[in-house]
Structure formats: C-alpha cells, structure tokens
Amino acid sequence: MATLEDIAVSAALNILTTFIILIAFAILRIQPFNDRVYFSKWYLKGLRSSPTHSGAFKRKFVDLDFRSYLRFLNWMPAACMMPEPELIEHAGLDSAVYLRIYLMGLKIFVPIGVLACAVLAPVNFTNSTLGEKAKQWKVTSSDIDKLSTSNIPFKSERFWAHIVLAYVFTFWTCYVLMMEYEKVAAMRLHFLAAEGRRPDQFTVLVRNVPPDPDESVSELVEHFFSVNHPDHYLTHQMVINANKLAKLVKKKKRVQNSLDNYQINYSKDSSKRPVMKNGFLGLCGKRVDAIDHHISEIEKLSPKVREKRVVVDPQSIMPAAFVSFKTRWGAAVCAQTQQTRNPTIWLTEWAPEPRDVYWKNLAIPYVSLRIRRLIIGVAFFFLTLFFMIPIAFVQSLASVEGIEKAAPFLKPLVETKFIKSVIQGFLPGIVLKLFLIFLQMILMIMSKYEGFVSLSSLERRSASRYYIFKLVNVFLGSVINGNAFEQLNSFIKQSANEIPKTVGVAIPIKATFFITYVMVDGWAGIALEILRLQPLIIYHLKNSFLVKTERDREEAMDPGSMGFHTGEPRIQFYFLLGLVYATVTPLLLPFIIVFFALAYVVFRHQIINVYNQEYESGAAFWPDVHKRVIAALVISQLLLMGLLSMKEAAQSTPFLIALPVLTIWFHRFCTGCYESAFVKYPLQEAMMKDTLQRAREPNLNVKDYLRKAYIHPVFKTADEDEDEIDMLFGSRENENVLIPTKRQSRRNTPVPSRSEISDASSQSPSLPDTVRDSSEP
C-alpha cells in the first residue's frame, strides 16, 4: 500500500521527469537542423524556409546565440497567443474544437477541485475511523485513504456533505457541457457558412444501387437522379474497386524510388555499376545490374497499370456512386431524405470531403457491412474480456512483490525507499501504456474491417471502442483487481444492486494507483508528445540516408495528424477519473487539473506548428464527446450510490437517485437542441450560400469544378495522362439531358419505363415534364 510519502516521492520524480523532457524539447526546437520537425506545418504551407541554407557551418546545425537558451520556455505563451478565429483559419475547426475539450476540462474541474479540497477533504480527514478500525477490519490503509470516504464511519451524518456537493458538481458539469455544446454548434454552423467552396458541399454518396438487367450501374444512377432530381442533378462518379490497381501503382512507385536511388548513387560514382540479387528482398537469387533490373520491372508494370486505368472491368464497378448537384440546396435535400418507398435501396448520405475518403472501403459491398460489423462486435467483446490477462500478468511482475518473487536476490535493492517509490510510481503505468499502444493499432484495424468510408468515421469508431476498453479494463479492471472475464463472472453471480457496492468499496483504495497513472500517462506522456523523439530520430535517419530531393524531404518530415482516435479517449478517461473521485478522494483532482492545463498548452503548440490534419469534418465528433462525459457523470453517480450503500447511509442514499435521472434528461435535452447541427445541413444555410455564390461567381462552371473531385487517387497520379482520365470518366457534357431508360421491367424502380411514359403521358398529370418531353420521338 503506497503511503503519502511514496506518492510525494513519485510526484517529485514525475515532475522532475516532465521538466527535464520539456527542457530537452525547448533546447532541441531552437536548433536549426531540427527546424523541420518542430515547425513542419509552416514548411508544408510554404511559409517557412530552412535556416540551414545560410550562415557559418556551425550555425547551420547549432544555435550559438546564448539568449535563445535563456528564453527556452517562451513557446508556452506563444502557443496561447493565437486567437481562436485565427486558429480555425490556420488549422481548421476540428483542431480548434479538439482543444476546447481540454479547455472544458479546466472549466469543469478547477471550480470542482477547489470546492472539493476545501470542503470534502477536511470532512474526510477529521475522522479517525481507519486508525481505530484498521486492525479490527484487517485492512491496510495509508494517509491518502484518510482523505477519502474510507475514513468516515458507517451511518455518519457527514455523508450529507458528499450528497450536496454531488448535486453541485453535477449541475456545474451540466452547465459547462450545455454552454460548450451550444458554442461548438454555433462555431460549426458559422464555419460551414463562412467556408469556401468544397466538392462535398455539392455531393452525395449513394449506396446500394439496385441491380438492373437492362442498364449499367452508371446509366441507372444517371436515369434515377435525372428523373427524381431533374432541376438539381448535375453529374456522378461511379465507385470503382481500384484496390488491385492501387497495389500495382504502389509497387511501381516503390520500384521507381529504388531506381532513382541507384541512379543518384551511380551519378556520384560512375566507376562501378550497382548490382543486386533479383530474388526475395534482394537477399537471394542471381546477381544482376540494379539499374537495368529496375528499368525492366518498370517497363513490365507500366502497361499493366495503364491497361487497368483505361480499361475498367465491369465487375469492378460497385453499386455506389458520388452524385453531384448544381446547388448545395439540391445536395442537402437528397442527402437528408429517403429516395424510394423501399428504405434499403438508393441510400444517400453526405459524401466525405475528398481528403477524408477511405477509398479501400468503398469497394466493400453494402450487404456485407452488417455481417462485418457483427463479426467485429463479437471480436471486440472477447478482446475486452481477455486482453487484460497479459496486462495483469506483466503488471504483477512490474511490482515490488513481483520483482522480489521473480528475483529474490534483488529484494534488498527494491526495498530501499527510493527504488521502491520509483517502481510503484512508474512501472505499472508504463507497462499499461505499452500495452495500450498495441491496442490502438488493433482497434483501428478492426474499424477498417467494418467498412467505414471516411477517415473521420474510422477515427470516431476507434475512439469509441478505445474508451469502452479503458472504462472496462483500465478503470474497472484496476479497481476490482482482475481481468474483465473474472469481473463478468463475479457480476453475474451478484444481484444488480450489489454491483455498484462492489465497485464502490474498491474505488477509494485505488486512488493511489490512479494518481501515479495520471502522472505517468498524463504529465510525462504529454511532455513526450511535444518532444517528438521518435519523429525526430526517424527524420534525421531518413534525411541522412534516403532523402535525395525536396519531395523526399517533405515525406521524411511528415508530421501526421493529432490522432483523435487515441487522444480523445484519453481525455475522456480523465473526465471519468475526475468525476468519480471528486466526492470520493478529492486529492486526485489537482493532478488531473495539471494534466488538462499542460495538455492544452502542448497540443495548442502542436496544432499551430506541427500537425497537418488529414481531413476537416467540421467538428462532427462533438456529440460523441458530450455523450462520453455524460456517461462518466452517470457512472460517478451510480458508484457514489454504491459506496454510500456500503457505508449503510440508508437515510441519505435515496437522495442520489434523482441525479442520474436528471443527468439523462439533460442529455436528451441537449441532443434535441444541438445534435441536429452536427448531422444535418439546414436548407436555409444551403440556399444562402448558393445565392452568394451566384452573386460572387456568376460564371462558375460547377461541372468542371466537380468532374474529377471524386476520382480514385490512383487514376490521377502525377504521371497520369489527362486524356486517359477523360477517356475513362469523360466530361459528360450532356449529363443534364435525360437519357431514356433501356429498362423493360419496372420491378427495380418506381420510374416508368420508356414505353410506359408514352402510354401514360396523357393520364399522368403528376409526371415531370422533363420525362414526357424526353420520351417524345
């Protein structure tokens, strides 16, 4: 059992570690040869040039101005100086709203922390229950437990303080949540209204196009939308399964890069031609001329790539399409309405922006998506149950008792006060952190298998599952001391009202573990985030051995994005810890507040200077953020009820029943008021933007603007011939003219066939004039 002294030593070590990492970053970032790593976003925007291009040799690599080292922490105020509107323009709304999650954590926990430490900590500490009953109950307690509810006797009237503050904390959290939801919804609507023209504003993704024996999928799509959206339909791009072509293009690019490398080396030393083995990975086979071999490989691949680009296999055309409209209003109507009587066909949704499309999953047939998601749901269930087994085993070895058992000769060393504090303060959190890194990759692979068609939806699904896993295995697993399967087995054997009691008993005891977890994962983890040690090493290795051109250098310094699928669940886990322990062990709150403050500054710096966001979803993830904070609030209320029930506070416990009911009602209220702003696009806003566009750009050719927006990237690579793209996709000059259907049957669409239109033209006053005119000879 960690004592208050152990926690103090561990906190001092973590503070020292965090401070050393921040000093190392502050020194590394001002060195000219690291400039592209710590300011990569400005290079990608073309607003910064390398400082190594001029000056003395030493100044190209090392900053010799000693005054720079005196201002090594000036990056912190600089990161906070950029106003939010400028930040949105610079980095996008997604990045700005992501930062508001940290800001929301400070808004919630700073007042709660002050009130809890000022009121609840003295209420808990001024009892002597643990001191008097420790031997009788046969429990081991520490000074930290005296600051928790464990130190309050059974049936004590002091629990009224916890109940009153539980209401205060709930109302304050809900107030902040509502203000932030309203603010972010207004920011999203303003962003969409002020944003420039983008292809996804005019485009809808149509899936599950029904088969037809008389028409191709492309003709069927054009016919359907020309009839049902005659005034607004403009053009469409069929979804093509280009995964095989993508592999060929990737292979050709890899061979071309190797050829370029050999040619550059040969140009430096032409006395000897480079040679290689033509077997597996160049490790076996016959020795051949490397340049001639790679030229031969490219000559073999080029015709295959060209053929697959120009001649599209009909079997590779999927029953889906990107359908574009003349106006945003027309796209909004189509995306947000049901197209036919049968709700399972002609399914429409807003198309992701071109950068956001995950092209590989567009080739997955729609009918298989439900099966895939069922398989992944079952797989995730068992992953959650059993993944904690190896974690618990390794963590048992990474403890003082585990080390003494595995290596008895180390017992005198690990029993020393300093080493013991280091082990208790660092090892369990580090082990857990390493396992969770592998988990993040597994969850992203599972999300991709499920078939989501945009990077943003992939990250949101992965984030949701990562949070559930951390809730079950990191929070409940650490509290109950067992893997999820054991927890499930014990819960099944208990009545439903006993489960909160079981967890409530264990929560105060685990405060010390979560304090060390916050310091290791939160403080030191955030400091390592800004140090960027791995990208720094990789960049310098690539720059030394692989970079030959400026394009190679840009690829080597690729900063990546902020990683919503890993960062957001971590934030939500700290919301959970803070809300649960606010009334149980208030000592945890200062550590969480430090995390939110440090993380806000660090990620603001990273978003301004480093990260290059892959897509822009307009803060579509905010409803998920709101739901998870609400879930954490309800969990904290239920666990407090279980804790008070265990303490036999029968008179006061019933007063907590209203809290989860009010919280769930509040969530439904916020959902009804604000969630539609994140899933729908108001027709009024669409019409306003269309009107402004016609006034500002009267000669804009929307068709030319949209014609190639949703072509698969492998069809428009740098070496692609423009004529080949036109040959494949065409300019489709007459797309707004209705093409008569070739269909001989009405079984697949409500639109009349050609012969039926002629017979019914005089009897169907509701039939569109466009259809009647196009059917006349």
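Helix packing and a nonpolar patch

User: Which residues of helix 14 meet helix 31 in this predicted model?

Analyst: Arg328, Trp329, Ala332 and Val333 of helix 14 meet Leu683, Ala686, Met687, Lys689, Asp690 and Gln693 of helix 31. By class, this contact has six nonpolar, one polar and three charged residues.

User: Why are helix 14 and helix 31 called roughly antiparallel?

Analyst: The axes of helix 14 (residues 328-335) and helix 31 (residues 683-696) cross at roughly 155 degrees. Angles over 145 degrees count as roughly antiparallel, and the two helices are therefore described that way. Their axes come within 8 Å.

User: What makes helix 10 and helix 29 roughly antiparallel?

Analyst: Helix 10 (residues 159-194) packs against helix 29 (residues 622-646) at an angle of about 175 degrees, and the axes are 11 Å apart. The cut-off is again over 145 degrees, so the pair is roughly antiparallel. Among the contact residues are Phe159, Ile163, Leu177 and Val184 of helix 10, and Trp622, Ile630, Leu633 and Leu644 of helix 29.

User: How many residues of each class does the contact of helix 10 with helix 29 have?

Analyst: The contact has 14 nonpolar, five polar and one charged residues. Glu180 of helix 10 is among the contact residues, and Glu counts as charged.

User: What makes up the nonpolar surface patch?

Analyst: Leu374, Val378, Phe381, Phe382, Phe386 and Ile389 make a patch of about 560 Å². Residues in such a patch have over 30% relative accessible area, and nonpolar side chains are joined within 5 Å.

User: Which helix gives the most to the nonpolar patch?

Analyst: Helix 16 (residues 369-386) does, with five residues. Leu374 lies in helix 16.

Technical notes. Residues numbered from 1 in each chain as written. Predicted model: local features only at pLDDT ≥ 70, side-chain atom pairs only at ≥ 80, totals over all residues. Heavy atoms only, no water. Axes fitted to C-alpha atoms, helices over the stretch in contact; angles between N-to-C directions. Helix = DSSP H or I, 4+ residues; strand = E, 2+ residues; numbered from the N terminus. Parallel < 35°, antiparallel > 145°, perpendicular 65-115°, else oblique. Contact = heavy atoms within 4.5 Å. Patch = residues over 30% accessible without salt bridge, like charges linked within 9 Å, V, L, I, M, F, W, Y side chains within 5 Å. Areas by Shrake-Rupley, 256 points an atom, 1.4 Å probe, with all protein chains shown as cover. Salt bridge = Lys/Arg side-chain N within 4 Å of Asp/Glu carboxyl O.
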